[in-house]
Amino acid sequence: MSTVTPPPLWQPDPQRIAQAQITKFQAWAAERHGAPADGGYAALHRWSVDELDTFWKAVTEWFDVRFSTPSTRVLGDRSMPGAQWFPGATLNYAEHALRAAVTRPDEPALLYVDESHEPRPVTWAQLRRQVGSLAAELRALGVRPGDRVSGYLPNIPQAVVALLATAAVGAVWTSCAPDFGARSVLDRFQQVEPVVLFAVDGYRYGGKEHDRRDTVAELRRELPTLRAVVHIPLLGTATPEGALDWSTLTDADAEPDFTQVPFDHPLWVLYSSGTTGLPKAIVQSQGGILVEHLKQLGLHCDLGPADRFFWYTSTGWMMWNFLVSGLLTGTTIVLYDGSPGHPDTGAQWRVAERTGATFFGTSAAYVMACRKAQVHPSRDFDLSKVQCVAITASPLPPDGFRWLHDEVRDDLWIASVSGGTDVCSCFAGAVSTLPVHIGELQAPCLGTDLQSWDPSGRPLVDEVGELVVTNPMPSMPIHFWNDPDGSRYHDSYFAMYPGAWRHGDWITLTSRGSVIIHGRSDSTLNRQGVRMGSADIYEAVERLPEIKESLVIGIEQPDGGYWMPLFVHLIPGAVLDEALRHRIKQTIRQQLSPRHVPDEVIQVPGIPHTLTGKRIEVPVKRLLQGTPLEKAVNPGSIDNLDLLHFYEDLARERA
């Protein structure tokens, strides 16, 4: 790689650097905690990983984290897995999320936008009152700390209220978006056995109403642990028999009572994609998420009370939880419930304009779709308040950086970020005091000792390697649900490099300190920021009588697109005609998610497996990306090597 430093696409001006929260934090930490006063971000980052305990203590002081019971230590045990943060401390996440209601009760905490694109505010006082009312009702229903509360909800204010009320009680929140089919939801919720289900009657997407009452009825039948179902009539339908009405649970004028829980008390359950079976039920803690998100949103995203924070997401993606945490910094968060491209491709820019968003998060796929559709954001919308456009879900191609710079504003902070559901945060990304180089993430995040390793665990610079984190982060899972000995958790991240977190991304750490992400090194399907496992696809598709077996692959394209073919091996006598292709796609659309309908359905002579019978997805993905057969797979591990020649030939044809 060239050692010549390319000119940056964007450079923050001295005034922005001086006013940035991270600059003020560094000066304060230098005075109070021995952080380096000079050397800029690189020196601060080095200190944050070398002096991990001191750094996180400083974060809790800077953001005035309220411990009802203090801890005498930051890290009781720093081994991974099993790091013990702030032992003995107690607090409550929801209490911190609602603190701005005391000083700014009449300002908007939430701006809710549907496909009409007309923002509707919910003030801090209204949010706090509804959370207080609902938390009291949850306690009256017998919900206790540690109980699970589930939501089958779109990105609406009621979802935020339900999450915060759950956290206030000390119960454990978990959610799925209503475009998930019943099987996908049950694969997740049945693992954690919720006692309450909040559910809408349907949702609106792409200008159409989608009735989900039958799906909700199935969830009620298949979740025997439910003590209560709360009906949210988004489409205006009557409350079903035996369900409770949302409005009656949230209309009391009740001051919230925040149960004080241990730092490592579970806050929510997020789910992995389920590539090799049931999705992993990832449990993160109240304290861990609180301090990690304060660091990420307050220091890296530079958010505060004057900001409006919009990220296009659904409740089935970790970015929704991250968005809700914008409340921790006193920021107004923007909830958009609708299609990213309705009524036209410029929809997200219109939402940013109408809400006065200062920080706008979206996906690389959306940016590239706008570029392809010749959208002109700065010409067609007033985006003068947007200071930063952040990108996640997949790496932003160089053309995407250039397009944002040219079509939004040349003085635009473009923050490509990368993290994971597993930590509900970022490993690398936004730093408002650093330059932006095309195709690169600005830097590893504070407190995160991010490295690129070769297969033997040797650190690499300016070379592609595995994304590895060598010290604990507070938001790393406290455990997986139903993993009593921790073996599944260990095998997911620590099997390749014992004692170090291996995430499953290919990265380059440059000698300039920036980060380049090359995509997943595993086979997770990640479309429009929504991750799904291939196992979900197989279960649905292979119910069709004509399908003997299938294989689905998701491939990041050089232009920022995402190609997702589905390969099908048919039973003898079956024909892959247009009618069968339509049924396959409809099955996935209805049972799983419209986002995960394959781009192509391709008939194959057979599906290759390992010797133990597992479908080989990663080697096929590498073949389709042009990797030679001898480098893509170990021939001795495959049951029928001849089957791989089909995929090798297809890659040549597509090239």
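A search of the whole structure, which is a predicted model, finds 25 salt bridges, a salt bridge being a side-chain nitrogen of Lys or Arg within 4 Å of a carboxyl oxygen of Asp or Glu. In this predicted model, local features need pLDDT of at least 70 and side-chain atom pairs count only at pLDDT 80 or more, whereas totals for chains, interfaces and linings use all residues. Residues are numbered from 1 along each chain as its sequence is written, and side-chain values use heavy atoms, with hydrogens and water left out.

One of these pairs joins Glu118 to Arg354, with the closest N and O atoms 3.1 Å apart. The two residues lie 236 residues apart, Glu118 in the loop between strand E4 (108–113) and strand E5 (120–123) and Arg354 in helix H14 (residues 347–355), where helices (H or I, at least four residues) and strands (E, at least two) are DSSP runs numbered from the N terminus. Glu118 is partly exposed, with a relative accessible area of 45%, and Arg354 is partly exposed at 39%; buried means under 20% relative accessible area, exposed over 50%, and partly exposed in between (1.4 Å probe, protein chains only).

A salt bridge is also found between the side chains of Asp147 and Arg227, at 3.6 Å from N to O. Asp147 counts as buried at 15% relative accessibility, whereas Arg227 counts as partly exposed at 48%.

Within helix H9 (residues 182–192), Arg183 and Asp187 are four residues apart, about one turn of the helix, and their side chains meet in a salt bridge of 3.1 Å, N to O. Here Arg183 is partly exposed at 27% relative accessibility, while Asp187 is buried at 9%.
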